[in-house]
Amino acid sequence: GKIIVESSLSTENNLQFLGLDAENMGGLIFDTVNKKLYRQSAVSEIELNSAFGQERLLLSSTALPKAVDLYPNLQFKNVKNIGHGLLLSAESGEILYVDMLEKENGENRSHIGSSLIIQGGKENDTLVPSIIKNVKQIVLNAGDGQDMYSISQDTWQHYQAIIIDNNANDLLVDTLMLPIENLDSLVVTRYDDDLLVIDNEQNTVLILRQVFGVEKQSHRHLK
């Protein structure tokens with residue numbers, strides 16, 4: 001088993017243990033007081049002996065690994081275990097899905113990382129995704145209304161995958177703005193029911209979901 005010791009946070013903090021991470025090398029901890037998500041590395045036998053001594057009394061907390069704030073620029077109002085990951089609702093409105101939990105049966109698995117989910121409403125929305133460290137995939141859905149997806153150059157370079165799920169019932173035409181300077185670097189292809197636009201220079205892929213599927217009409221209203 002793994003031993004998780006958190007000594008760097010105050011005793012006034014209310015800590016919720018969410019489970020082990022994908023590498024099975026540490027635990028994920030949600031602090032409901034300061035609304036932060038931490039990763040705490042497991043303690044090795046050497047670190048444990050150095051910190052507690054033979055009497056098992058804490059001698060020095062400096063020998064213990066410190067908790068790492070996974071998203072320094074975000075605070076979360078809600079954290080839920082969903083499948084083998086976490087669904088995080090930020091105070092600023094973003095929704096993150098973090099695929100970081102270890103499978104219950106201990107099987108090896110790839111570490112996908114985090115997905116930022118940004119949703120619009122029923123009005124005319126402009127979705128301008130921000131850059132969040134440790135997140136390499138975003139999912140955008142503007143919903144109903146005449147909406148705009150505005151992708152900046154920095155955003156295009158930061159994220160490896162930008163997924164647009166343009167599903168809406170009103171079928172009003174939405175607008176997609178991309179910062180593409182060299183069109184020759186793009187490769188456009190179909191994958192199942194999705195359209196992929198691959199930028200070989202930036203190593204970024206834009207995925208337009210379900211534009212060839214059975215509900216293609218509710219996804220294609222994009223220019």
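Modeller: This is a predicted model, and its protein chain has two helices and 16 strands.

In one of them, the side chains of Asp 69 and Lys 36 meet at 3.1 Å, N to O. This pair links distant parts of the chain, since Asp 69 belongs to strand S4 (residues 68-69) and Lys 36 to strand S3 (residues 36-41), 33 residues apart. Asp 69 counts as partly exposed, at 24% relative accessibility, whereas Lys 36, at 8%, counts as buried.

Another salt bridge joins Asp 144 to Lys 122, with the closest N and O atoms 4.0 Å apart. Asp 144 lies in the loop between strands S10 (135-141) and S11 (148-150), and Lys 122 in the loop between strands S8 (113-119) and S9 (126-127), so the pair ties together parts 22 residues apart in sequence. Here Asp 144 is buried, at 17% relative accessibility, while Lys 122 is exposed, at 67%.

Arg 209 and Asp 165 also form a salt bridge, their closest N and O atoms being 3.1 Å apart. Arg 209 lies in the segment after strand S16 (204-208) and Asp 165 in the loop between strands S12 (161-164) and S13 (175-177), a link between distant parts of the chain, 44 residues apart. Arg 209 is partly exposed, with a relative accessible area of 30%, and Asp 165, at 18% relative accessibility, counts as buried.

Note on methods:
Residues are numbered from 1 along each chain as its sequence is written. This is a predicted model: local features need pLDDT of at least 70, side-chain atom pairs count only at pLDDT 80 or more; totals for chains, interfaces and linings use all residues. Side-chain values use heavy atoms; hydrogens and water are left out. Helices (H or I, at least four residues) and strands (E, at least two) are DSSP runs, numbered from the N terminus. Buried means under 20% relative accessible area, exposed over 50%, partly exposed in between (1.4 Å probe, protein chains only).
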